[in-house]
Amino acid sequence: MATPQDVLPARSTVRPAVEPPDAEARIVARRRPGQWAAAALALLLAAMAVDSVVRNKAFQWGLVADWFTARSVLDGLTLTLWLTAVTLALGFVFGTVLAVMRLSTNPVLRTLSWGYIWVFRSTPPLVQLLFFFNIGALYPTLGLGIPFGPEFVTVKTVNLMGPTLTAVIGLTLLESAYAAEVIRGGILSVDRGQLEAAAALGLGRWRVLRRIVVPQAMRAIVPTAGNMLIGALKGTSIVSVLAVSDLLYSVQLVYLQSYQVIPMLMVATLWYLVVTTLLSIGQYYVERHFARGATRDGLPPTPLQRARTAFAKVVRA
């Protein structure tokens, strides 16, 4: 005779399936009170620093506003921008030549390029400028003629090398040394397999350089080149030791007569902040241009696009 245990089915040990979560359930981020406390403290310290600058009467903000758009200051700013553009443009032209020499299979060209870069990256920019400014003590005259032979045209170095030309030559030679390494690094960042594939397709060297090497190398060159541009803008301030009327020298002439040192230095500081900010914005969009197609997900939205999206959400709400 069957017992109740034999008739009744055995108790299942399998747990019932978990019910699917509610569709309206939300994932709540983990709370991090420490980070919020640190952010609040940092915001408080930043507000205190800004308040101490704005309310400090020693800055003489009224005088800063009066001199901010003065003719002498704007002339100095114009010369600073001109020096930056000329020296960086010439620096990248000569830097490209140096980079090609450094990547050459010729040991002589590689050695000469390496030696140039080594010398100009190893000495301070101010020392280089002072050296070129006093080059007349070493070479009183400069001539053009046959090497190791007679000279057809000679000119006194003092009459040829003025302060502005000395600044252009000194900064150009310095920037070309840094630009050579930037360009060389960008070229080396391109995968060799792509060059081999282009050669297998029978593409010409110029077309490979223009369509394959340069677009990919620019992704590595542009960020560093942007930093070089901003550094060159600020680095032009050292030409004030040569009495070149750049932005810093222009404000120095004013405060040496009026003894208003802090306000005039703030004028120069604010102009440097304005120009570097504009250059940083331009660098951001140039980087986005050359970064197209680098990722499958596309480029992240720009700050302006994010602001428009946030504004649209507020309007819809």
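User: Leaving aside neighbours within four places in sequence, which residues is Ser237 in contact with?

Analyst: Ser237 is in contact with Asp246, Leu248 and Tyr272. A contact here means heavy atoms within 4.5 Å. This is a predicted model, where local features need pLDDT of at least 70 and side-chain atom pairs count only at pLDDT 80 or more, while totals for chains, interfaces and linings use all residues. Residues are numbered from 1 along each chain as its sequence is written, and side-chain values use heavy atoms, with hydrogens and water left out.

User: Where is Ser237 found, and does it count as buried or exposed?

Analyst: Ser237 sits in the loop between helix 10 and helix 11 (247–258). Helices are DSSP runs of H or I with at least four residues, strands are E runs of at least two, and both are numbered from the N terminus. The relative accessibility of Ser237 is 18%. Buried means under 20% relative accessible area, exposed means over 50%, and partly exposed is in between (1.4 Å probe, protein chains only). So Ser237 counts as buried.

User: How many aromatic pairs does a search of the whole structure find?

Analyst: The search turns up six. Take Phe59 and Trp61, with 5.3 Å centre to centre and 20° between the planes. Rings of Phe, Tyr and Trp (its six-membered ring) pair if their centres lie within 6.5 Å; planes under 30 degrees apart are stacked, over 60 edge-to-face, and the rest tilted. So Phe59 and Trp61 pair up as stacked. Phe59, at 18% relative accessibility, counts as buried, whereas Trp61, at 31%, is partly exposed.

User: How many residues line the largest pocket, and which lie nearest its centre?

Analyst: There are 30 lining residues, and Ile183, Ile187, Leu209, Val213 and Val214 lie nearest the centre. A pocket is an open set of points on a 1 Å grid over the protein atoms alone, with a 1.4 Å probe and protein on both sides within 12 Å along at least five of seven lines; lining residues have an atom within 4 Å of a point. Two or more lining residues come from each of helix 4 (71–102), helix 8 (163–188), helix 9 (192–200), helix 10 (205–235) and helix 12. Helix 10 gives the largest share, 13 residues. The pocket holds about 1100 Å³ of space.

User: What volume does the second largest pocket have?

Analyst: About 160 Å³. Its lining includes Pro125, Glu175, Gly231 and Ile238. Helix 8 and helix 10 are the elements that give two or more residues to this lining. Here the division is seven nonpolar, two polar and one charged.

Notes: Points joined across faces, edges and corners; volume = space filled by probe spheres on them. Nonpolar A, V, L, I, M, F, W, Y, C, P; charged D, E, K, R; others polar.
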